[in-house]
Amino acid sequence: MLRDGEETPSRCELLTMVKKHSTLLGKTVVDASDVEMDPRFWHDVFDLYFLRGKDSRRGQDDDLVFFVRKLSSQGFNDDVPPYFVRRWAPKLDNLIGEKALEVDWRRSFHLNLIAHTTFTVTVAICSHQDLRNHQAEQDKPLSPIYKVVKTVYASPSRVNFHLDSQKASLEVETTPAYPDICFAVDDFDSTFDAVVLTETDHCYCVILNAHDGAAFPTAKEPDDCSSSDTSSLKVDISSVKAKSSKLTLFSGFVSYQMVRDAYDAGKSRFGNLLSLAHSPGKQDRLYMKGPGGHGEIEVAVSGVVDQSQQDTGPFSPVMSKRGFGIGFMVRKAASVASVAAKNAYEAAASSHSFDEELIPLKCCLMSISLPWEHIAYDLLFKGTPPVNL
């Protein structure tokens, strides 16, 4: 890619090249002769972007580098993980050696672009009427009743949380998720302790935004993206400079009634929107599909107990490795969740009859999963404004 003596291109330049050769993202029929599928091109751009490039070791990236194995004619082999990981080193050959023949360089570039980008998830409770007004008038801002913003990390591994009573709520195991990318919230039960749906007009909203890192190279000076004489790098970078500083990759909501119906039924399906899987413990898993069927979120749902009816005596004997009991919420009288539960029942008592008993539902986001191609395409090409709460 570079001639002798040429300056290493910036990430701004490299990403512009990547965009030119990523038009087949998400398409099933490809022309293998096209440069987009040329392994040498992707090997070189991978090396320059994540290892040798002047922007690759400025502290903003993780020190892990991911390599995706080539697909066999039968797809990925279940006995062999679809990717392997190495610690960063300045020379690619020192990282993988003979394993270079196993690597799909195009997929590996996009996986690292995703893994080295910064993401935040916003979980909010919004009024159904407010959401309808926003859908009718996109410029109309959303005013959430309550929200939590949390930094999450992209991973090709899926975190399987155990919610049953035999295992602590924070005990986890990981399995390969690729070609999906998983954004897990390890401390979901404490992070979203106060996210409680308390009214029939409430909606549970989840938004995943990307806003910094490898997918957002900066051009501090006008000449930063035109330093090389290589003809292949003489490209228009205006699209990179004009790119929004934040992109929404997933946004979806579900009404209180849909969560309640699934919670009451134990197991239900509402088209492609959500489903619920019972576990023998206090919490249930709710799965919600994103718009257009892209992506899925996993939520731990539980009915919030009426604090006035609870004994605040000994705590739950079921403990995690961190010493956090499942019954800890009952003892945590000063917690926001306790206040939310008390307020929820007071609101229910004042506005609903016994025939229409409203159960406050606590919804703790555990993870978001999206196909890697969906994320990569949005990071490179999505131009619509982000969803702001």
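Of the 389 residues in the chain, 49% count as buried, where buried means under 20% relative accessible area, exposed over 50%, and partly exposed in between, computed with a 1.4 Å probe and protein chains only. The structure is a predicted model, in which local features need pLDDT of at least 70 and side-chain atom pairs count only at pLDDT 80 or more, while totals for chains, interfaces and linings use all residues. Residues are numbered from 1 along each chain as its sequence is written, and side-chain values use heavy atoms, with hydrogens and water left out.

The chain exposes about 19200 Å², and carbon and sulfur atoms supply 50% of this area; accessible areas come from the Shrake-Rupley method with a 1.4 Å probe, and for residues only the protein chains shown count as cover. Eleven helices and 15 strands are found in the chain. Both are DSSP runs numbered from the N terminus, with helices being H or I runs of at least four residues and strands being E runs of at least two. Among the contacts with a separation of 6 or more, 72% join residues 24 or more positions apart, a contact being heavy atoms within 4.5 Å.

A walk through the helices can begin with α1, which spans residues 11-20 and has nine of its ten residues buried. The buried set is R11, C12, E13, L14, L15, T16, M17, V18 and K19. In the loop between α1 and α2 sits S22, a buried residue with a relative accessible area of 0%. A polar atom of the S22 side chain lies 2.6 Å from the backbone oxygen of V18. This is a polar contact, that is, a pair of N or O atoms within 3.5 Å; within protein, one must be able to donate a hydrogen and the other to accept it, and residues adjacent in sequence count only if both atoms are side-chain atoms.

Helix α2 is also mostly covered, with eleven of its 14 residues buried. Among them are F41, W42, H43 and D44. Their cover includes α1, β1 (64-68), α3 (92-96) and α4 (105-115).

Aromatic rings come next. The structure holds 15 aromatic pairs; rings of Phe, Tyr and Trp (its six-membered ring) pair if their centres lie within 6.5 Å, and planes under 30 degrees apart count as stacked, over 60 as edge-to-face and the rest as tilted. Such pairs link F41, W42, F46, Y49, F50, F67, F84, W105 and F109 into a cluster. Over the face of F84 lies K99, at 5.3 Å from the ring centre; a charge sits over a ring if NZ of Lys or CZ of Arg is within 6 Å of the ring centre and within 35 degrees of the ring normal.

In soluble globular proteins, nonpolar side chains tend to be buried together. Here, the largest nonpolar core has 81 residues, and those with the most contacts inside it are F67, F183, Y204, L365 and I368. The largest share of this core, eight residues, comes from α2. A second, separate core of six residues includes A124, C126, L131 and L142. A nonpolar core is a set of buried Ala, Val, Leu, Ile, Met, Phe, Trp, Tyr and Cys residues joined through side-chain atoms within 4.5 Å.

Y204 is found in strand β10, residues 202-213, and is buried, with a relative accessible area of 1%. Y204 and Y256 are 52 residues apart in sequence, yet their C-alpha atoms are 7.1 Å apart in space.

Several prolines complete the picture. P156 lies in the loop between β5 (154-155) and β6 (157-161) and counts as buried at 1% relative accessibility. Its C-alpha atom is 6.2 Å from that of P176, 20 residues away along the chain. P179 is placed in the loop between β7 (172-176) and β8 (180-184), and the peptide bond from Y178 to P179 is cis, with omega near 20°. By contrast, P385, in the segment after α11 (372-381), is exposed, with a relative accessible area of 68%.
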